[in-house]
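Hi everyone, thanks for coming.

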Amino acid sequence: MQNIVLFGPPGAGKGTQSKMLIKERNLIHLSTGDLLRSEKEAGTELGLKAKVLMDQGKLVPDEVVIGMIRNKLESNKDANGFIFDGFPRTEKQAEALDQLLEELNTSISGMIALEAEDEELIKRLLERGKDSGRADDQNREVIENRLKVYQNETAVLKSYYQKQNKFTSINGLGSLDEVFNRLNAAIG
Ligand code: B4P
């Protein structure tokens, strides 16, 4: 199994590049952001609770996202592998993911971080907010909060994967194809 964590701050291109990658490689795309937005749209209790946090740019509790990923892994046991997009976002999530994959006799192949500076990220997200309907993309303060949460709670995962010799960082600036080529070169 090829299991890749696509990592980076909000707006770095994780969702965009994941969609390009699954077209080329026979992998399953697991985006906790997309899963949470589906719950929101379906108006489930979980979705309504998540909405409040997401709209403020805060993280949803670990147990919620870990549970969602567990369900997806269990229902896709025969997959060739997975692209994890936006997950893990905390050390607790990373540890849970290692354990879940171990239960399936597999592990993370590598974590690739897309790098871009804050002003570029804010610009991209505000641009997407014009027609995405996402409340968290429409307000500069909320976006800045998401970037702060990334620095405070998520960026530490680089050293988590570095310790396992699984960390690669690539430049997230440039055209979609330029970034995609760098990503493919990093995955090998
Ligand atoms: P996510 O859905 O993961 O959203 P995101 O971090 O904003 O990144 P996304 O992948 O969507 O955007 P992309 O960079 O591709 O999270 C949303 C919220 O859900 C979180 O704030 C949190 O509340 C909650 N959540 C999700 N996962 C969680 C977890 N594990 N734990 C707890 N809470 C969780 O693209 C952004 C824009 O840039 C796009 O418009 C794209 O077209 C553009 N773009 C991409 N690449 C570009 C390039 N090279 N040049 C120019 N523009 C580019």
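What volume does the second largest pocket have? For the second largest pocket, that's about 180 Å³. By volume I mean the space filled by probe spheres set on the grid points, with points joined across faces, edges and corners. And a pocket, on a 1 Å grid over the protein atoms alone, is an open set of points where a 1.4 Å probe fits, with protein on both sides within 12 Å along at least five of seven lines; lining residues have an atom within 4 Å of a point.

Before I go on, some housekeeping. This is a predicted model, where local features need pLDDT of at least 70 and side-chain atom pairs count only at pLDDT 80 or more, while totals for chains, interfaces and linings use all residues. Residues are numbered from 1 along each chain as its sequence is written, and side-chain values use heavy atoms, with hydrogens and water left out.

Back to that second largest pocket. It has 14 lining residues, and nearest its centre are P9, D118, L147, Y150 and Q151. Helices here are DSSP runs of H or I with at least four residues, strands are E runs of at least two, and both are numbered from the N terminus. Sorted by class, the lining has seven nonpolar, one polar and six charged residues. For classes, Ala, Val, Leu, Ile, Met, Phe, Trp, Tyr, Cys and Pro are nonpolar, Asp, Glu, Lys and Arg are charged, and the others, Gly among them, are polar.

Now the largest pocket, with about 940 Å³ of space. It's lined by 43 residues, and K14, R89, R128, R134 and R146 are the closest to its centre. This lining divides into 15 nonpolar, 16 polar and 12 charged.

So where does the ligand sit? In the largest pocket, where "sits" means that more than half of its atoms lie within 2 Å of the pocket's grid points. Around the ligand there are 31 residues, and the closest are G13, T32, R37, K58 and R146; a residue counts if one of its heavy atoms lies within 4 Å. The largest share of that shell, four residues, comes from α2. By class, the shell is 11 nonpolar, 10 polar and 10 charged.

A ligand nitrogen is 2.8 Å from a side-chain N or O atom of T32. G86 uses a backbone N or O atom, 3.0 Å from a ligand nitrogen. The side chain of R124 has an N or O atom 3.4 Å from a nitrogen of the ligand.

Most residues other than glycine have a negative phi, and most peptide bonds are trans. Yet F87 and P88 are joined by a cis peptide bond, with omega about 0 degrees, and P88 is in the loop between β3 and α5. N105 has a positive phi, near 60 degrees, and lies in the loop between α5 and β4.

Conventions:
Polar contact = N/O pair within 3.5 Å; in protein donor to acceptor, adjacent residues only side chain to side chain.
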